[in-house]
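Trainee: Could we walk through this model together? I would like to ask questions as we go.

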Amino acid sequence: MNSKHFLVLLFIGLFIIACKKSEPIQYKLEVFLGFQKPVNFPEPVYNFANNKITKDGFELGRMLFNEPRLSRNNTITCGSCHIQSSAFTQHGHDVSHGIDDRLGTRNSPPIMNLAWSKAFNWGGGVHDLDTQPITPITTHEEMDEKLENVYNKLRAMPKYSKKFKAAFGTEEINTARFMKALSQFMLMCISSNSKYDKVMRKENGASFTTEELEGYNLVKEKCASCHSEPLFTDGSFRNNGLGISPVNDKGLYTATLIETDKYKFKVPSLRNLKYTAPYMHDGRFLNLSAVLEHYNSEIAATPNLDPLLKGNKMGIALTTTEKTKINSFLNTLNDEEFIKNPLLAEQ
Amino acid sequence: MLYHRMQLYCYAQLILNFIIKMNTIVKQFLLIIITISIYTSCSKKSDPTPAFEEKNLAPFSIEFDNIVGDRTFSINNTGSLYTNAAGEKFSISMLQYFISNIKVVTVEGKTYTVPQDKSYFLINGADKATRFTKVEVPEGDYSKVTFTLGVDSLRSTMDLSKRTGVLDPAAGGGHDGGGMYWGWNSGYIFFKFEGNANVISDDVNGDPTGKKQFKYHIGGFGGYSAPTINNIKTITVDLINAGIAKVRKDRQSNVHLFVDIMKVFNGKNSFSIVAHPNVMFSNYSVNIASNLTELFTHDHTEN
């Protein structure tokens, strides 16, 4: 083979590569690393021993997350209310917007750092991530479908038979495999690359500005007893003094029937607030200034108000300057890499 | 004792006959046949209790025969209504309940627990084939059975791969239909009983859809991280009076229980349908769950 032949072959080769979609090639080059605990995070609480994350399992979960057949009339996916660009929330909707334009009563929470979550939903009731998807799939206002119908729809699709076989060694779709695949995807939705994380890990000399640092200190002083580092939630359920809405959502009480749980909701993380407005379990506050003003002056003395918000003056006193500094720090918790991570995007 | 005596007698007879010295082979053969038949009949009459051996398993079942007060149970009995103690007439459209964790106790007090993986059953009133909980227990004579009405808390929170068959959260469709799982508050519905009664109003205090439906979905395993209502009921039935279960390999011993659904209303916490047409995950469910322990009576045992 002389150099001319070689050049021709090379040219043809390049031509073939150019003809192929660039995206799959790039994707194949990525090595799937599985679940990796960020160094500044604690040990996860999810039981990985029962569900080892694999490339195929994760990819299957991602397919299912974006599969409209999970809903009764094949219109709603998990991703409909958990949009990646909104840090897996439904940005702009106070309460989630499901099948047939039905409205729920709560704001869709982010799919983020769930491996560290001990309880799910604003009002609790679910303690195992593997059983969480049952709720949105079967709820009247969300996907309104029966699990067995979902499996039957997927069984008719060769791409799922193939992927279940690759992920679990069998084509057979059952509850455990279906749910565990979804868990694998959700567990990989880790947000740990905000400026805050980089400062904490001392990556590339990252550091806070003066205002951010002052904001950080204020958050540690005034917010961290509930929004504790590094997840910026302690995972507890508390009544943060929201006035009772006409819906009269009793929060955790609905699941426990314990009187002292009335009006308690899960403490949300402060990560990615830039992408997840509106705020609170019913999305009543459209922006962060409304949230900060709530803590400053609008705390309502409803039953079981958190003791940390009680005192001579209810709530958390905040001056305008303090609010600015806190906002400045909260901005360092936004993780653009997370909302743009191609691995987590619908393929 | 009787058994040994008869056996000795049989052998003695055989030996005696040999001493007499039968001359023909035919005679000897006939004699042996007769002797063996006597021997066999001896052992049958004695019916010894086999030694209790955990691995010596034999078939055993408990039959959950639903009744409604003095009448047989039937689904959609709209043409012949039942009447509870409050005088309310009603029909039944659905009855399903979990029976699990079956345990048996011998006359001598030895206990055997059926391996948990084989000990979950869903009794469906509309499907007679589901009324038997077929398990295996060691050969023996049993005077007591114990079972759980519902699903234990451990299994309720176990990894999904350990919750298959009737425990699959996908089984039976959603909880609005025949499903026995609450997704929003992870856990099983232990006892699901629905029907219709004309006393039910058409407003929010009754059935706003106008179908005059009552629904009792009783569940609650005690909570995952904090104690919540626990409606798991353990039922023990004494078999002495109505017949112990003689479990042997060559037969199907069946403990026949009557399950009186009327006791849901007429038990010690009696209530009227009109006062409580819908009870699901609420504090009142504890009262109904307490009535559920009165449902079971032992009618007889088929050995």
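Trainee: How many helices and strands does the secondary structure of chain A come to?
Mentor: Bear in mind that this is a predicted model, where local features need pLDDT of at least 70, side-chain atom pairs count only at pLDDT 80 or more, and totals for chains, interfaces and linings use all residues. Residues are numbered from 1 along each chain as its sequence is written, while chains are lettered from A and ligands numbered from 1 in the order in which they are written. Helices (H or I, at least four residues) and strands (E, at least two) are DSSP runs, numbered from the N terminus. On that basis, chain A comes to 15 helices and two strands.

Trainee: What percentage of the residues of chain A count as buried?
Mentor: A residue is buried if 20 or more other C-beta atoms, placed from the backbone, lie within 10 Å of its own, exposed if 12 or fewer, and partly exposed in between. Chain A has 347 residues, and the share of them that count as buried is 42%.

Trainee: Into which domains is chain A divided, and how many Å separate their centres?
Mentor: The bounds come from an automatic or database domain assignment, which gives domain 1 (48–190) and domain 2 (195–336). Their contact takes 23 residues from domain 1 of chain A and 24 residues from domain 2 of chain A; two residues are in contact if their C-beta atoms, placed from the backbone, lie within 7 Å. Taken over C-alpha atoms, the centres of domain 1 and domain 2 of chain A are separated by 27 Å.

Trainee: Are α3(A) and α8(A) roughly parallel or roughly perpendicular to each other?
Mentor: Their axes, lines fitted to C-alpha atoms over the stretch in contact, with angles from 0 to 180 degrees between N-to-C directions, come within 7 Å and cross at roughly 95°. The contact includes Phe58(A) and Leu64(A) of α3(A), with Leu182(A) and Phe185(A) among those of α8(A). Angles under 35 degrees count as roughly parallel, over 145 as roughly antiparallel, 65 to 115 as roughly perpendicular and the rest as oblique. The two helices are therefore roughly perpendicular.

Trainee: Which residues of helix α6 of chain A are buried?
Mentor: What covers the buried residues of α6(A) includes α5 (134–138), α7 (158–168) and α8 (175–187) of chain A. In α6 (residues 147–155), the buried residues include Leu147(A), Val150(A) and Leu154(A). They cover an arc of only 60° around the axis, taken from the directions from the helix axis to the C-beta atoms, which puts them on the same side of α6(A).

Trainee: Is Thr170(A) buried or exposed?
Mentor: Thr170(A) sits in the loop between α7 and α8 of chain A. Not counting residues up to four places away in sequence, Thr170(A) touches Phe164(A) and Lys165(A). With 11 other C-beta atoms within 10 Å, Thr170(A) is exposed.
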